[in-house]
Amino acid sequence: MAKKDEKGITVAKEKNLIEWYNQVVTKAELADFAPIHGFMVIRPNGYAIWEKIQQYFDNRIKKLGVRNAYFPLLIPERFFVKEAEHAEGFEPEVAWLERQNKKEEKLAIRPTSETIIYDIYSKWIRSWRDLPLLINQWCNVVRWEIKQTRLFLRTREFLWQEGHCAFATAEEAKENVLKMLEEYAKLCEELLAIPVIKGKKSEFERFAGAVETYTIEALMPDGKALQMGTSHFLGQNFSKAFEIKFVGKDEKEHYVWQSCWGATTRLIGAVILVHGDNKGLVLPPKIAERKAVIVPIIFEKDKEKVIEKCKEIEKKLKRFNAFADLREEYTAGWKFNEWELKGIPIRVEIGPKEVKEKTAVVVIRDTNEKKTVKEKDIVRIVEEELNKMQKRLFEKAKKFLEENVVEAKSWAEFKKAIKERKMVLAPFCNTEQCEEKIQEETKATSRCIPLNQKEGKYKCIKCGREARIKAYFARGY
Ligand SMILES: [Zn+2]
């Protein structure tokens with residue numbers, strides 16, 4: 001029989017977050033390192049989380065009239081170079097396909113699909129009647145990372161969705177950009193129980209080819225920020241490069257206005273980092289595929305009755321996708337550890353005493369609270385506890401965020417706060433030069449310029465020149 005220490009997490013989250021993270025990802029069987037450097041295998045436990053994210057988001061965007069489509073994996077070089085800033089921004093990360101026939105055109109594996117999609121849009125869009133065009137694609141992309149691989153957080157291939165919309169007016173496109181930012185925030189807060197800060201990226205951090213990039217940022221336990229989703233206003237940059245024109249109601253030709261937006265399997269990494277504990281994964285109930293496990297406490301004498309009862313409870317809790325773990329080769333204690341490691345939100349224990357008294361013991365994953373409940377109340381109580389847990393995880397993460405965001409009044413304060421792993425709000429001149437200096441000295445980057453702030457007259461935290469806005473800074477993933 002396997003022992004606990006062969007499977008459990010052996011390093012404390014507070015002590016070594018990265019080692020802890022790697023253990024949770026691999027031991028909870030969420031993902032594995034692929035035999036190709038920088039690539040990952042998403043295992044069923046991890047993929048089930050992605051499916052929950054997909055279902056939620058897909059449902060939301062369809063309500064907004066967005067439809068799914070699929071575009072090719074490969075992008076001809078001539079498309080890639082059309083929007084100069086875009087090409088320059090992505091060039092270092094592009095994987096090119098190498099083939100026998102050197103006379104054929106070079107092909108890139110998509111790092112993102114603007115160019116191939118917009119070439120096709122130029123054929124599809126003819127008149128104002130074709131607008132708005134609202135399309136999303138669920139797919140994989142490849143970006144040739146050189147930094148160390150972190151499963152879900154930084155891999156050369158990852159899964160994502162990319163929405164690409166075209167409109168007749170700038171206003172509609174801008175409205176869509178902010179609407180989608182809101183959707184990403186909702187996805188993180190309502191589904192993943194992770195609070196986010198919404199804002200605009202600095203000039204330096206903007207998506208290559210965009211006029212404006214909006215982002216939602218979350219704070220990880222080590223004080224590093226993680227970008228959870230981005231939404232870009234592309235203006236007419238791509239429509240001019242790809243000749244996406246339409247005849248308006250005025251019977252004149254116009255270039256379309258565009259938005260694009262994306263979120264990736266990185267979100268799974270954030271869930272692990274934010275909610276996990278020293279026993280392993282903690283899943284917010286809404287993204288747990290199986291929300292409850294029923295474990296029999298077996299003694300030879302009443303074995304049959306206990307197993308019978310577990311099956312009954314399993315049926316009762318079917319709507320939570322509950323399952324009875326009736327494996328005979330493992331002890332109850334071993335099963336407790338396994339399902340805690342894998343993040344099942346609720347454990348129900350049934351032994352001879354519970355059978356006799358028509359009760360069950362309910363154990364909550366994040367608080368470890370144990371409750372004896374009457375069998376007839378179990379569905380209601382499990383439902384209540386799942387709802388409470390979802391809220392509790394969000395509140396806990398929100399408290400952490402609030403406690404770890406500080407405002408800096410001087411460069412010395414700024415440096416100290418970054419060193420103490422805080423996220424820092426500070427006046428910023430929003431120049432590339434200053435951003436680079438800040439990064440050189442502190443490793444922190446600007447995460448976002450919060451939305452809806454009134455412009456003021458400040459002095460940039462680094463250079464002292466006039467600054468009209470404040471921005472959040474932190475080290476990033
Ligand atoms: Zn400055």
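**View 1. Ala193 in the loop between helix 7 and strand 9.** In this predicted model, Ala193 sits in the loop that links helix 7 to strand 9 (197–200). Its phi is positive, at about 60°, although Ala193 is not a glycine. Ala193 has 26 C-beta neighbours inside 10 Å and therefore counts as buried, the cut-off being 20 or more.

**View 2. Asn452 in the loop between strand 22 and strand 23.** Asn452, which belongs to the loop between strand 22 (445–450) and strand 23 (458–459), has a phi near 60°, again a positive value in a residue other than glycine. Asn452 has 6 other C-beta atoms within 10 Å and is therefore exposed, since 12 or fewer is the limit for that class.

**View 3. Lys15 in the loop between helix 1 and helix 2.** Lys15 lies in the loop that runs from helix 1 (4–7) to helix 2 (17–27). It is an exposed residue, because 9 other C-beta atoms lie within 10 Å. Between the C-alpha atoms of Lys15 and Asp32, which are 17 residues apart along the chain, the separation is 23 Å.

View 4. The bond from Leu131 to Pro132 is cis, with omega near -5°. Pro132 is placed in the loop between helix 6 (114–124) and strand 7 (133–142).

**View 5. The crossing of helix 3 and helix 9.** The axes of helix 3 (residues 44–63) and helix 9 (residues 266–275) come within 10 Å and cross at roughly 110°, so helix 3 is roughly perpendicular to helix 9. On the side of helix 3 the contact is made by Gly46, Ile49, Trp50 and Ile53, which meet Leu267, Ile268 and Val271 in helix 9. By class, this contact of helix 3 with helix 9 consists of six nonpolar residues, one polar residue and no charged residues.

View 6. Three strands form an open sheet in the order 4-6-5, and their pairing is antiparallel. Strand 4 (74–76) and strand 5 (95–96) stand at the edges with a single partner strand each, so that one side of each is left without a neighbour in the sheet. Strand 5 is joined to strand 6 (residues 107–109) by two bridges, the two strands running antiparallel, and here Trp96 stands opposite Ala108 in strand 6.

View 7. Strand 10 (residues 212–219) is largely enclosed by the rest of the structure, because seven of its eight residues are buried. Strand 9 pairs with strand 10 in the antiparallel sense over four bridges, with Lys200 opposite Tyr214 in strand 10. Strand 11 (residues 224–235) is joined to strand 10 by eight bridges, also in an antiparallel arrangement, and Thr213 stands opposite His232 in strand 11. The hairpin of strand 10 and strand 11 has four residues between the strands, and in it Gly223 takes a positive phi near 80°.

View 8. Five bridges connect strand 15 (residues 292–296) with strand 17 (residues 346–350), which run parallel, and Ala292 stands opposite Ile346 in strand 17.

**View 9. The largest nonpolar core and the surroundings of Ile294.** The largest nonpolar core has 124 residues, and those with the most contacts inside it are Ala218, Met228, Ile294 and Val424. Helix 7 (residues 170–191) gives the most to this core, contributing eight residues. When its neighbours within four places in sequence are left aside, Ile294 is in contact with Cys310, Ile313, Glu314, Ala322, Ala324, Asp325, Val348 and Ile350.

How values were computed. Residues are numbered from 1 along each chain as its sequence is written. This is a predicted model: local features need pLDDT of at least 70, side-chain atom pairs count only at pLDDT 80 or more; totals for chains, interfaces and linings use all residues. A nonpolar core is a set of buried Ala, Val, Leu, Ile, Met, Phe, Trp, Tyr and Cys residues joined through C-beta atoms within 7 Å. Two residues are in contact if their C-beta atoms, placed from the backbone, lie within 7 Å. Axes are lines fitted to C-alpha atoms, for helices over the stretch in contact, and angles run from 0 to 180 degrees between N-to-C directions. Angles under 35 degrees count as roughly parallel, over 145 as roughly antiparallel, 65 to 115 as roughly perpendicular and the rest as oblique. Ala, Val, Leu, Ile, Met, Phe, Trp, Tyr, Cys and Pro count as nonpolar, Asp, Glu, Lys and Arg as charged, and the others, Gly among them, as polar. Two strands pair if DSSP finds at least two bridges between them.
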